[in-house]
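Welcome to this structure. Here are some notes to read alongside the sequence and the 3D view, taken point by point.

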Amino acid sequence: MRHLISTRDLSAERAIALLDTAIDMVDVRSRDVKKLPTLRGKTVANVFFEDSTRTRLSFEAAALALSADVTTFTTQGSSVSKGESLKDTLQTLEAMGADFIVLRHSHSGVASTVANNKWVDARIINAGDGTHEHPTQALLDAFTMRSRLRGVDARGMDLAGISVVIVGDILHSRVARSNAFLLTTLGATVTLAAPQTLLPREIDGWGVTVVSTLDDALESQPDVVMTLRVQKERMSSGFFPSESEFSTLWGMNDSRLRRLPSTSIVMHPGPMNRGLEISGSVADSPQSTVADQVSNGVAMRMSVLYTLMGDSR
Amino acid sequence: MTILIRGAAILGKDSADILIDGHTIREIGSVNNDADRVIDANGLIALPGLVDLHSHLREPGGEGSETILSGSRAAAAGGFTTVHAMANTNPVADTAELVDLVADRGRQAGYVQVRPIGAVTRGLAGEQLADIGGMARSAAAVTVFSDDGKCVGDSLLMRRALEYVSTFGGVIAQHAQDPRLTIDAVVNEGGVSSELGLRGWPSVAEESIIARDVLLAEYVGARLHVCHVSTAGSVDVIRWAKKRGISVTAEVTPHHLVLTDDRALAYDPIFKVNPPLRTSEDVEELRRAVADGTIDIVATDHAPHASSTKDCTWHDASFGMVGLESALSVVQHTLVDSGHIDWPDVARILSVTPARIGRVGGYATPLAVGSPANLTLVDPTTSESWSTNRLHGGSTNSPFLGITLPGKVVSTIFLGTETVSDGALVAPEIVRNT
Amino acid sequence: MTRIVLTKPDIDRALKRIAHEIVESQRGRSGLVFLGIPTRGVFLARRLAGLVADIEPQDIRVGTLDVTLFRDDLTTQSTRATVATEIPSSGIDGSTIILVDDVLFSGRTVRAALDAITALGRPEIVRFAVLVDRGHRELPIRADFVGKNLPTSASERVNVSIAEIDDLDEVSIA
């Protein structure tokens, strides 16, 4: 595996290996010397055609912890505004010596196109493409679930028997897509809860269950409730009538948290709209994994960088 | 100049000789005359010259992807002798001057008859009717009007257009796509769009416009032609309308008869087209609809694009595929070899009926003595992997590259002039001088 | 063709001798930490720790040192799975580390191990014990304690089996 484009491409075995390596990366991050020489002399180019400070910083921290050099390209003031094509931009970055291109783009499929057409030799990591996928987010979410629910040293374990509810704007969420594909591969039971307007059509092949409201989904006492960021402009385009109706039916709040077992966790990929998809007190509760997700994100991305570097296929 | 074609299977049936004298088919049967040129057509099928009701020749304004000359050559290579050139050029073909210019350049190229299609609304803007009367009464005598690429979405404007065009005996060729239901839509809405995270183009956006338009056509008593029907639901609506006696005709593209939306799974923009590739159930129903006559014709929607607009991301890529060269092969593969229709039906759906819809003279009785000498000879027995050496237009955005298709056009004769000879295009200067 | 070069009694004898040498070298110092390099070095480290404790009861701790992430052959080899590094809770600062591996060959693994140790802390002394030294060094590295020097050709393979995972103790050359 040279590139990481979609969680669809990951077998359970490969995904577990990535999670296992991340355990060692977490360990490294707890030491006095938080740096490994593994990618010394390699260059990671963070290429972000869509702004995302947190994802970019996470990849940057991961690359630096593995001793890679990091170059960052964002669209502000770049040649893209001068009409240079994506292909030319990436080839320029590669000519400057990028071994990895961490690519974020607002259009679905961009990472696939770059990898499939072999526009560059560099290893491509999809850091979010439109409303398609965000595979490293799903991996860090799976890692967070496994650590919290199975214990820190869960080496070799999958997620069989773990029930996950993903709630909110599934249709436009690359996080939901990548998670649905990865979590089912790892044996988890996945339920989607959303209004019909925010559900993709014909998803029988996803191996997930669909219910209407969050209350319906909570009846089965899930181990994990994954909330998603709601883009407020969806309201004006008629996907739901109002913020208050959305949070009433699909928002994770205190009373819903109380209905869950105390061992269940609540996740959010960030950045949160407190009071909309997740209430402030739920986000700050001990059952919230929001901070874990951020911290695990660096370890998970170290694992991905390390694993892709050694794989020449 | 006389041409004698020896031993062709007429419309795929009995073998006979065909004698062409000047612009006219002089004799069919067992011909003993000598001729200036003799073509051995043993094993070949003789079809009437094909008529395409839906091509984008891009001139003026898009010469980087196609010109009237290069598009005419692609058409001849595919067995066509008449093509209709869509109006979405730059400037738009919405005046008599512009449609005359297109027809003239077609005549100068000399490979096929180029029939301009006029815009329904000025600048394809969907606001004000174009100079429909002027175009109808121009030298080009436009009979087909279309805003293709855009739908005449406004119901009142569509009503007026149907009424106004019928004044001149013309027809509206509607690109059926509800604009509001398809904002930023780039792929069929369904399992594939869901997996890819691409904005879906729902089948109902096509079907609801067709339903509205057939009712409008019935109400005002006008003719309606539906471009590139792509869904099983659209077939149902058209079947219902025809049963009701509404004057509607419909076309399907070759690519919608064979390719499905799962081709988009690798985000290869060569498969980005509008309307989008649909599901295998739609493909099956479209084939049946051609066989039972619900869909009247196959039209290519030949849409050339320069490689830079296809060697890019799915989002940035242009919609469209070239199709003139491959149309007959796809029809043979999807309809004839599969047993849906016979070769005489091929003549009907690719020549007689499109000519009738477009009011093009000379195609009513295929391969009849006294008719204009427009015909094509096809070798149906060959089969090969499609490659760019089969393409002769200005662009190579064919979705069939690397796919094996049957059949090959060996000869095309346009008004008594060979445009394709022994499987090769005849040079422009030779075509022009004869 | 496989040739057995060390049998179980040979291995037992070699480890016992190394244990005595470690005790000898350790005179006057405390805080002995055995760090085994996965996979077989881990079990050899445990055995040596036990033997040293039998000879002279003292404060001995055992851990595992994974060097995978410190290797320099990442771009030429396919990705190796990592193994958890386990360090005694008291850490390694100021201790005497006995690094243990089964075979010493190019020396690159030891080089990676020294880097890995540096990232973990600052021991007072690091020594290296190995069951078999087969030569062909590519770096200026040598072992402090060697069970058996085994002249080999570069193309030969040295296979070390140990009872904990291979069901028998044996060293062979193929």
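1. Let us begin with how the chains meet. Of the 2 pairs of chains that touch, chains A and B have the most contacts; two residues are in contact if their C-beta atoms, placed from the backbone, lie within 7 Å. Chains B and C do not touch, and their nearest C-alpha atoms are 27 Å apart.

2. A word on the model and its labels. This is a predicted model, in which local features need pLDDT of at least 70 and side-chain atom pairs count only at pLDDT 80 or more, while totals for chains, interfaces and linings use all residues. Residues are numbered from 1 along each chain as its sequence is written, with chains lettered from A and ligands numbered from 1 in the order in which they are written.

3. Now the contact between chains A and B. Chain A gives 20 residues to it and chain B gives 14. On the chain B side, the largest share, 3 residues, comes from helix α5 (residues 191–196) of chain B; helices (H or I, at least four residues) and strands (E, at least two) are DSSP runs, numbered from the N terminus. That side of chain B has 6 nonpolar, 7 polar and 1 charged residues. Here Ala, Val, Leu, Ile, Met, Phe, Trp, Tyr, Cys and Pro count as nonpolar, Asp, Glu, Lys and Arg as charged, and the others, Gly among them, as polar.

4. Next, chains A and C. Their contact takes 17 residues from chain A and 15 residues from chain C. By class, the side of chain C that touches chain A holds 7 nonpolar, 6 polar and 2 charged residues.

5. Within chain A, please look at the open sheet of 4 strands, paired in parallel in the order β2-β1-β3-β4; two strands pair if DSSP finds at least two bridges between them. Which strands stand at the edges? They are β2 (69–74) and β4 (123–129) of chain A, each with a single partner strand, so one side of each is left without a neighbour in the sheet. Strand β3 (residues 100–105) of chain A pairs with β4(A) in the parallel sense over 5 bridges, and A:Ile101 has A:Ile124 in β4(A) as its bridge partner.

6. Finally, two helices of chain A. The axes of α5 (residues 135–150) of chain A and α6 (residues 174–185) of chain A come within 8 Å and cross at roughly 55 degrees. Axes are lines fitted to C-alpha atoms, for helices over the stretch in contact, and angles run from 0 to 180 degrees between N-to-C directions. The residues of this contact of α5(A) with α6(A) include A:Leu139 and A:Leu182, and they divide into 7 nonpolar, 3 polar and 1 charged.
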